[in-house]
Amino acid sequence: MTQIIKGNTGDWELVIGLEIHAQVNSNSKLFSGSSVKFGGEPNSQVSLVDAAMPGMLPVINEFCVEQAVRTGLGINAAINLRSVFDRKNYFYADLPQGYQISQYSDPIVGEGLVVVDMPDGAQREVGIERIHLEQDAGKSIHDQSPEHSYIDLNRSGIALMEIVTKPDLRSSEEAGEFMKKLRSIVRYLGTCDGDMEKGNMRCDANVSVRKKGSSELGTRCEIKNLNSIRNIQLAINYEADRQVDVIEAGGTIDQETRLFDTTTGETRTMRSKEDAHDYRYFPDPDLLPLEITQEFVDNIKANLPELPDQKKAKYIDEMGLSPYDAGVLVSEKAVAQYFEEVVKGNDPKMTANWVTAELFGRLNKASKSIDESPVSAKQLSGLLSLIKDNTISGKIAKQVFDIMFESGKDADVIVEEQGLKQVTDTGAIEKIVDEVLAANPDKIAEYKSGKDKLFGFFVGQVMKQSQGKANPQVVNQLLKDKLK
Amino acid sequence: MTKLTDLSVTAALIGLENKEFSAVDLAKETLKEIENKKDLNAFSVDTSDFAIKQAAQSDKKRADGKAGVIEGIPVGVKDLFCTKGFSSTACSKILNGFTPTYESTVTTNLFAAGGIMIGKTNMDEFAMGSGNLNSSNGIVKNPWTRKDDNKVLVPGGSSGGSSAAIAARLCQGALGTDTGGSIRQPASFTGITGIKPTYGRCSRYGMIAFASSLDQAGVFARSSKDCALLLEAIAGYDKKDSTSINKPVDNYISMITGDVKGKKIGIPKEYQSDKMQGEVNDYWQKAAKFFEELGAETIEISLPNTKYALPVYYIIAPAEASSNLARYDGVRYGHRAELPSGASLDDMYELTRSEGFGDEVKRRIMIGTYVLSAGYYDAYYKKAQKVRTLIANDFKQAFSKVDFVLTPTAPTSAFAVDEKMDPVTMYLNDVFTVPASLAGLPAMSLPVGLDKQNMPLGMQLIAPAFEEGKLLNAAFALEQAIGFNHKPGEVQ
C-alpha cells in the first residue's frame, strides 16, 4: 500500500530502498580467526590481521562464504560462482587497514526476491539487488574523555552481508514489515542473529519522493545506521515530509547522506556530495577472486531448513490453519519449532490456539521469550493429550496450565497431585445431578415455565459440587434429559 | 688462509661439516668484518647477540646430525621482513620504535633451515627506490669505486644494504625483496648474484607490503649454487598468504649440472636501447656467445609490449602502495606526531604521515591515489592491468619458443650518490627488470664483467614460472663460462 503525503501542491508518494548490514553468524571473522563473540573486553578479540599490523595478510573464512550463499538461496537469489573482493579505501581511526575489504562490482549474490505479508493481508514483492560480503569496522568511543577518543577493534573484521533492496518499497510500514521478514528469514537460515539492539543487523534507508502517479525517481537521500524498526519508520516518515516541504517551497533535494537523531526525531546532514568519499575501489591484490563450484552451492541448497513462507503454506494447506494464525506461528523459527513439536499427535487448530493465545499470553505477561518458556513443547503436548483423551476438560486444562507455567511440572503430575481428573463416570455425575435438582425444586419450576437461562445455573451447580471435574458434555446431556 | 667471510655458502657448509670451524666462529668473524666495514652502512639493525645464540644452537643441531640446508650460514636480513623482537621499520621513520611480536614466514623458514640472522640490512624506505638513497638510516655505499674518480656510488636499490654486504664479503648470504628489480638491479650494480623467484613462490606473510601483486622475497649470494641453497631454504607454500602457491619446492642445488646443451635462449629485440651504456650491449652479446659455445641456441624473440612495462609498473605499484601504506597512520604503532591541543583526527594523520614518510614514498602514494581516483581509474589503473596481461602474454608466447630470456639487468653501471637525477630518470633504472615482475616470472642477475671504469655489470636471465631450478642451472653454466672473479677494491 502506497503511503501518500498530502502536500500543498498535491499528493506525493515515497520511493524507498534499504541497505541492510547483517552480521554473519559465524565463530570467527571474515579474514581472520578471531572470535566474534559480542560483549568482550575491548580489544580482546583482535588478531594481528585485524589490527592491520605490518606484513599481515587476509585469509578467507570459507564458512562466511557458505553463510552468504545460504542467505542468497533463502531469498531465491542468483549465486555468482565467481566474485571479487575489492578494497574500499578511506581513513578513519576504527578502520585499521585504511581500507575495508568489500565487494564492489562482482558480489557473491545477485538478484533475489522477498515476499512480504502486510498486516492488511496484501502481499508485496520486494526485489533484492545484490548481497555482498564485507568487513565490519571497529568501534569509536568519543564520550569517555574530553581529550581522547577510544577505539575498540573487537568488531574490526567481523563478516557482514550487505543486502541491498531495489527501490520497491512504497511506505515506512512496508519497510518495517520487510525488515521483520528479512530478519525472520536470516534467523531461520541461521546466517544472522538479526538482533538490531546488539547491532548485528543495521539498516540504511534511501528515501526519495515523487508526485503520485509519476514514474520518474526523485533525488534520494541516504539515512544511515538506523538501529530499530521503529527508528527506520520514523526516519523515513520524517525524511519524506522534509523532502516534500523543500520541493514545494521551491527548493531542490541535495543528494546527501543524513543521520537520524532519535531524540529530536529529525534527520540531519552527515555529509554532502562534495564531501563524499572517493573510495578508489580496486580488486584486493592480497586475495584471489572467489571461485565456488556449483556443487558447493547445491550442497548448501540441499540442506536448507524449511523457510517461513514454506512453513506458512504448509500450515494453511495441510493443517487448515488461518493465514493469520499461520503467520504468527512462522514469524519466529523458535515459535514454529515449538508449534511443530506440540502439534505432533494433536489437533492443529487447538494447538495453534493454545500456543498463540494461552502460551503467548502468559509469556508476554512474564516478559519471557519462547526460548525461556517454563513449559516445554513436550509438556504442552502432554497437556493437550489429557484434553484429547478426556482426562480433563478444556477449562480445567487452563488451570493446570497456570500451575505448569509457575512450577514447570508436567501436566499429568499436576492433575494427579491436585486430583483434577475429570469425572466421566455417568453414574457418579448422575448422582450429583440428581442431588442438585432435588435441592432446587423452585428453580426447576421456573425453568420449566420458560426461564431457559437457568440451565446454566444447574450446570454451574453440578460443576461446583464436582469441583469442576464433571465432564461438561455428560452434565449437559443428563440435565437435558432430566429437565425435559 | 681464506678469511671465513670470503668463503661461499657452499664452501662454508663444507668447512662447518668438516669441523674446520664452528658456526659461532663464523658468526664472530662475520660480525667483526661487519664492524670493520661499517662505513658502508649496509646494516641498519644490530642482532649480534641473537646471532651468536643462533650460531651456538646451530653447532648443537649439526652435532646432533640435524643440519638444515644452510646450517650455520650468516645471512643479512633486509629490514622489510618483520623479525620477532627486533626493530622492523622498512627503514622508514613512520615505523620508528616498531618491534614486531611475530616472525615473517620467510625468516621462520630461514631459521628452520639453519640460517643465522647476522643483522638486518639497510634499504630504500618501503622498498621504493633504485639506489638506497631513500632510507631513514642513511645511504649505503657501494663497495666498488670507479677507476677515475673516488665518488661514492650507490649499491642499487631497494635492497642496497643486502647487496653491499654480499659484495663486500661481510656475509655469505642475504635476503632481499624484489618488486620491480630491487634484487636484480643491486646485484648488477655490486657484481653479485641475486634471484627473484616466481610470484607466489615465497610467502609474503610478515613481509611489509609495498605492491602486493609484485612483491617477492629473494636472495643474494656470490654464486648461483649459493643462491640455490638460500632460495630453497626460504621458499614454500604458506596458507597465511592467500597468494602463496601450493607447489613443492624443488631441490634446486641438485638441478645445477651446468648442462645447457640444446636449450634455447631468447634475445628480445625490444630491449635494445640507445640509452644503454655501451659496454652493457657488448656484454649482452658476449653472454649470448657464451651460451652458444655451451651448446645452447640463441634466438631473437619479440616482446612487443615491452615499451609499456615501465609506465604500467609505475601505475600499478604506486596504486597498490597507496592502499598498503594507509595503515601507517599513527593510531596503533610506529610514529605519531606531537599534536597541538584541539588537533583533529585528520591533523594527526597529516602531521604523522608528513613527518614519517620520505619524499619518494609520498610521491608514490600520491601517484597511486591519483590513478585509482574517480574519473581516472579506468584510464590508468584498469588500463594498466589490461596491458599487464599483454606483457605477461608476450612472455608466454616467447616461452613456447625458448627456454630462457637473456637481457641486460640495468642500462648502466652504478651511478654516483650525488648524481642529480629526477624521479622519472631514476625510474628508468628499472626498465629491464619490471617486465618479469609484471609477468610474475622468476628472474636473476649475475655479474658478467667490468666496464671501462672497472664497475661491475650484470645480465638477467628470465625463466617460465616455477622453473627456478632450470634458471639457476642456466645461470651457473654462464657463470662458469665467464669466470667472473673480480672483487671490489682490487688493484687494477
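Mentor: The model is predicted, so local features need pLDDT of at least 70 and side-chain atom pairs count only at pLDDT 80 or more, while totals for chains, interfaces and linings use all residues. Residues are numbered from 1 along each chain as its sequence is written, chains are lettered from A and ligands numbered from 1 in the order in which they are written, and side-chain values use heavy atoms, with hydrogens and water left out.

Trainee: Which three residues of chain A supply more of its buried area than any other three?

Mentor: Their share is 22% of the area that chain A buries against chain B. The three residues are A:Pro54, A:Leu57 and A:Phe91.

Trainee: How are helices α9 and α12 of chain B oriented to each other?

Mentor: Helices (H or I, at least four residues) and strands (E, at least two) are DSSP runs, numbered from the N terminus; axes are lines fitted to C-alpha atoms, for helices over the stretch in contact, and angles run from 0 to 180 degrees between N-to-C directions. The axes of α9(B) (residues 306–324) and α12(B) (residues 378–398) come within 9 Å and cross at roughly 130°. Angles under 35 degrees count as roughly parallel, over 145 as roughly antiparallel, 65 to 115 as roughly perpendicular and the rest as oblique. The helices α9(B) and α12(B) are therefore oblique.

Trainee: Which classes of residue make up the contact of α9(B) with α12(B)?

Mentor: Among the residues in contact are B:Val312, B:Ile315 and B:Ile316 of α9(B), and B:Tyr381, B:Val387 and B:Ile391 of α12(B). Ala, Val, Leu, Ile, Met, Phe, Trp, Tyr, Cys and Pro count as nonpolar, Asp, Glu, Lys and Arg as charged, and the others, Gly among them, as polar. The residues divide into eleven nonpolar, two polar and three charged.

Trainee: Is the crossing of α14 and α15 of chain A left-handed or right-handed?

Mentor: Helix α14(A) (residues 454–465) and helix α15(A) (residues 472–482) pack at an angle of about 130°, with their axes 10 Å apart. A crossing is left-handed if the near helix is turned anticlockwise from the far one by less than a right angle, and right-handed if clockwise. The crossing of α14(A) and α15(A) is right-handed.

Trainee: Which strands stand at the edges of the sheet of eleven strands in chain B?

Mentor: Two strands pair if DSSP finds at least two bridges between them. The sheet is open and its pairing mixed, in the order β1-β3-β2-β4-β6-β5-β10-β11-β9-β7-β8. Each edge strand has a single partner strand, so one side of each is left without a neighbour in the sheet; the two are β1 (43–45) and β8 (297–301) of chain B.

Trainee: Which residue of β11(B) stands opposite B:Val405?

Mentor: Strands β9(B) (residues 404–408) and β11(B) (residues 456–462) pair in the antiparallel sense over four bridges. The residue opposite B:Val405 is B:Ile462.

Trainee: Which residue takes a positive phi in the hairpin of β6(A) and β7(A)?

Mentor: Six bridges join β6(A) (residues 112–117) to β7(A) (residues 123–135), and the strands run antiparallel. The hairpin has five residues between the strands, and the residue with a positive phi, near 95°, is A:Gly121.

Terms used: Contact means heavy atoms within 4.5 Å. Buried area is the accessible area (1.4 Å probe) that two parts lose on being put together, summed over both.
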